[in-house]
Amino acid sequence: MDIQVKSGDLLAQPSELAVLGVFEDEPLAEPVASLLEVADFRGRAQQTLLLYPRGALAPRRLLLVGLGKRDTAGAEQIRQAAALAVQQARSLQVAAVTLGVATTMSLAPELTGQAFAEGFELGAYRYWIYRTGLSSEQTFAVERATVYTTGERAQLVQAGVAEGQIIARGVKLARDLVNGPGYAVTPAKLGDEAVALGQRLGLRVTVLDQAQLEEQGFGGILAVGKGSANEPRFIVMEHGESAEGKPTVCLVGKGLTFDSGGLSLKPADAMETMKSDMGGAAAVFGAMQAIAELDLPVHVVGLVSSAENMPSSTAYRPGDIVKTLSGKTIEVLNTDAEGRIILSDALFYAQRYQPAAIVELSTLTGAVIIALGSHATGMMATEQALADRIREAGETSGERVWQLPLWDEYREMVKSEIADLKNLAGRPAGSITAGAFLAAFVGDYPFVHLDIAGTAWADKPAKSYHSHGGTGVGVRLLVEYVKGL
Ligand code: BES
Ligand code: ZN
Ligand code: ZN
């Protein structure tokens with residue numbers, strides 16, 4: 001999409017559709033005020049009203065979009081309003097829209113532009129490549145947006161727009177990967193995707209196949225992948241170089257391209273959406289793409305463990321003992337707790353970079369959905385300063401995280417009698433014991449675990465810039481975090 005920022009008065013520009021953001025309960029200036037006879041529209045967040053000014057203004061249509069109260073209206077309100085705007089433009093089949101806000105915003109202009117571009121691009125996203133017979137309204141593409149602002153802000157808003165568009169492309173990449181069916185998005189396919197990203201963006205990429213995993217002792221990934229005809233992969237994507245005063249950050253993703261549960265088979269309804277069990281990997285892909293395109297001055301290493309968890313005569317079993325890359329052994333009690341097993345190898349591998357931080361994302365536990373629903377990602381951390389930075393990045397990016405404790409008592413709960421660890425610690429504190437398990441593989445490096453099981457997939461999206469399916473959660477958060485380093 002082409003998004004231009006200009007200085008000028010939105011209502012004086014001819015347009016098929018002008019979109020005006022309005023703060024709640026703030027009087028509208030003329031001539032808009034006299035278009036509203038009664039106070040039906042108050043500017044509540046996400047309230048919309050379509051008007052036909054019939055010559056009273058230069059635009060043919062005027063869409064009012066509520067931004068909520070001025071003191072609570074931040075980037076997230078802009079993002080959501082922008083998504084509503086592009087959706088309205090699509091259904092009216094208007095290819096070029098103009099936009100502006102009724103009064104000046106206090107939000108920093110770069111952030112305003114970034115949030116606008118994210119909302120506008122993501123609001124237009126639909127995963128409809130497998131649908132036939134779409135109507136012209138459904139296939140209509142909005143091509144151009146022109147944002148009107150005051151003179152001195154325009155350049156900064158435009159810079160933010162450019163960043164927001166790059167970030168949105170990363171989010172869309174993550175959504176496409178999550179939405180792709182399990183037969184199409186296999187571990188090998190993720191490996192190919194990484195190689196393609198590398199060639200396009202200059203990332204250094206290594207993909208380890210089954211034979212190489214065997215040679216090098218990636219026992220966790222191999223155990224989980226054993227039951228599937230689709231062989232596992234371990235993927236490394238590197239942006240920038242390590243240097244004095246330039247921190248190295250490892251981003252680690254769970255890439256279960258399908259999680260049937262294995263021999264500890266999931267019930268049918270719990271399996272329905274398990275093609276999305278590579279949402280953590282998808283976030284790492286999307287973030288690596290955006291970080292490379294923004295050319296952020298940080299050494300970032302993306303690590304993805306990818307396998308398919310299937311039941312078969314070659315599958316790993318409850319009762320098996322797995323020797324991981326670290327040398328530590330895991331007693332398998334439930335083959336459906338496979339994420340922590342494949343991640344153990346990736347987290348141990350991350351230590352070779354002596355990273356300033358390891359940030360790992362995984363659709364790890366159903367328990368986090370019980371705890372937080374779909375409105376926050378669960379966070380556990382071994383270093384509070386890192387957790388605080390991630391929480392900040394979550395607030396700024398609109399991808400909120402909520403911290404759970406990682407006390408020693410929880411680490412005790414994942415110890416096994418006959419191996420070093422067991423992959424199941426019962427139902428109490430299910431998300432935390434999973435995090436405690438992961439923390440056993442990162443040594444002393446600062447580590448944050450983000451459980452995105454509740455946020456990576458939306459059946460009925462609660463946000464206007466989401467649509468049914470993958471949300472691409474994590475991309476905006478990771479980019480915001482890396483930008484702040
Ligand atoms: N991939 C699932 C977790 C999940 C559940 C993600 C729902 C998204 C939505 C994970 O591999 C899993 O099955 N976890 C088990 C762990 C249990 C056996 C300890 C769970 O949460 O039930
Ligand atoms: Zn599972
Ligand atoms: Zn899983």
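User: How many salt bridges does the count come to?
Analyst: The count comes to 27 salt bridges in this predicted model.

User: What does the side chain of E16 meet in a salt bridge?
Analyst: The side chain of E16 pairs with that of R61, at 3.2 Å from N to O. Because E16 sits in the loop between β1 (2–7) and β2 (18–22), and R61 in the loop between β3 (48–51) and β4 (62–66), the pair ties together parts that are 45 residues apart in sequence.

User: And is R61 buried or exposed?
Analyst: R61 counts as buried, at 15% relative accessibility, while E16 counts as partly exposed at 33%.

User: What about K69, which residue does its side chain meet in a salt bridge?
Analyst: K69 forms a salt bridge with D25, at 3.9 Å from N to O. K69 lies in the loop between β4 and α1 (75–92) and D25 in the loop between β2 and β3, so parts that are 44 residues apart in sequence are tied together by this pair. K69 is partly exposed, with a relative accessible area of 40%, and D25 is partly exposed as well, at 46%.

User: Switching to helices, where is K483, and where is E163?
Analyst: K483 belongs to helix α15 (residues 475–483) and E163 to helix α4 (residues 151–179), and their pair links distant parts of the chain, 320 residues apart. The closest N and O atoms of this salt bridge are 2.7 Å apart. K483 has a relative accessible area of 29% and is partly exposed; E163, at 27%, is partly exposed too.

User: Which residues do salt bridges that share partners join into one network?
Analyst: That network joins E76, R79, E118, E399, K463 and R476.

Definitions and conventions. Residues numbered from 1 in each chain as written. Chains lettered and ligands numbered in written order. Predicted model: local features only at pLDDT ≥ 70, side-chain atom pairs only at ≥ 80, totals over all residues. Heavy atoms only, no water. Salt bridge = Lys/Arg side-chain N within 4 Å of Asp/Glu carboxyl O. Helix = DSSP H or I, 4+ residues; strand = E, 2+ residues; numbered from the N terminus. Buried < 20%, exposed > 50% of the residue type's maximum accessible area, 1.4 Å probe, protein only.
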